[in-house]
Amino acid sequence: MLNILSSIIYNIIFFFIFYYRRFLREAELTGSLSNNPNIVTVHDFGRTRGGTLYIVMELLNGFPLNELLDKRIHNKQYFTILECIHIMSPVLKGLHAVNK
């Protein structure tokens with residue numbers, strides 16, 4: 001029973017450390033790319049005294065892409081090639097900046 005309990009505790013600690021480091025790494029990377037117009041600006045990130053991870057990002061105007069996709073799928077309205085290019089061009093430019 002003690003082995004099972006210690007294994008569970010180990011997994012919880014490993015999970016926390018892994019995702020904590022991943023969160024910080026991704027926040028730092030995003031923050032370093034904030035001068036790119038296709039990537040959201042990160043103003044601050046870190047951990048509170050209580051241990052909660054946080055990230056403060058630029059507030060964007062508009063509506064979420066998933067809402068547009070859901071609406072189009074629900075109404076069986078497909079995107080034209082030009083709409084796809086208009087939507088995906090900034091996304092791909094942002095991905096390109098990240099992978100330079």
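What volume does the second largest pocket have? About 160 Å³. Here are some notes to get you started.

1. Before you dig in: this is a predicted model, where local features need pLDDT of at least 70 and side-chain atom pairs count only at pLDDT 80 or more, while totals for chains, interfaces and linings use all residues. Residues are numbered from 1 along each chain as its sequence is written, and side-chain values use heavy atoms, with hydrogens and water left out.

2. Back to that second largest pocket. N61, G62, F63, P64, L65, L68 and I87 line it. (A pocket here is an open set of points on a 1 Å grid over the protein atoms alone, where a 1.4 Å probe fits, with protein on both sides within 12 Å along at least five of seven lines; lining residues have an atom within 4 Å of a point. A volume is the space filled by probe spheres set on the points, which are joined across faces, edges and corners.) The lining splits into five nonpolar residues, two polar and no charged. (Ala, Val, Leu, Ile, Met, Phe, Trp, Tyr, Cys and Pro count as nonpolar, Asp, Glu, Lys and Arg as charged, and the others, Gly among them, as polar.)

3. Now the largest pocket, which holds about 220 Å³ of space. Its lining includes N36, P37, N38, I39 and V40, along with M57, E58, L60, P90 and V91. By class, that lining has seven nonpolar residues, two polar and one charged.

4. On to the strands. β1 (residues 42–47) runs antiparallel to β2 (residues 53–57), and five bridges join the two. Together β1 and β2 make a hairpin with five residues between them, and G51 in the turn has a positive phi of about 100°.

5. There is one aromatic pair in the structure. F18 and Y19 form it, edge-to-face, at 4.8 Å centre to centre and 90° between the planes. (Rings of Phe, Tyr and Trp, the last by its six-membered ring, pair if their centres lie within 6.5 Å; planes under 30 degrees apart are stacked, over 60 edge-to-face, the rest tilted.) F18 is partly exposed, at 38% relative accessibility, and Y19 is partly exposed at 38% too. (Buried is under 20% relative accessible area, exposed over 50%, partly exposed in between, with a 1.4 Å probe and protein chains only.)

6. Last, have a look at K76, in the loop between α2 (65–74) and α3 (81–98). K76 has a positive phi near 55° despite being a residue other than glycine. K76 is also exposed, with a relative accessible area of 66%.

Methods. Two strands pair if DSSP finds at least two bridges between them. Helices (H or I, at least four residues) and strands (E, at least two) are DSSP runs, numbered from the N terminus.
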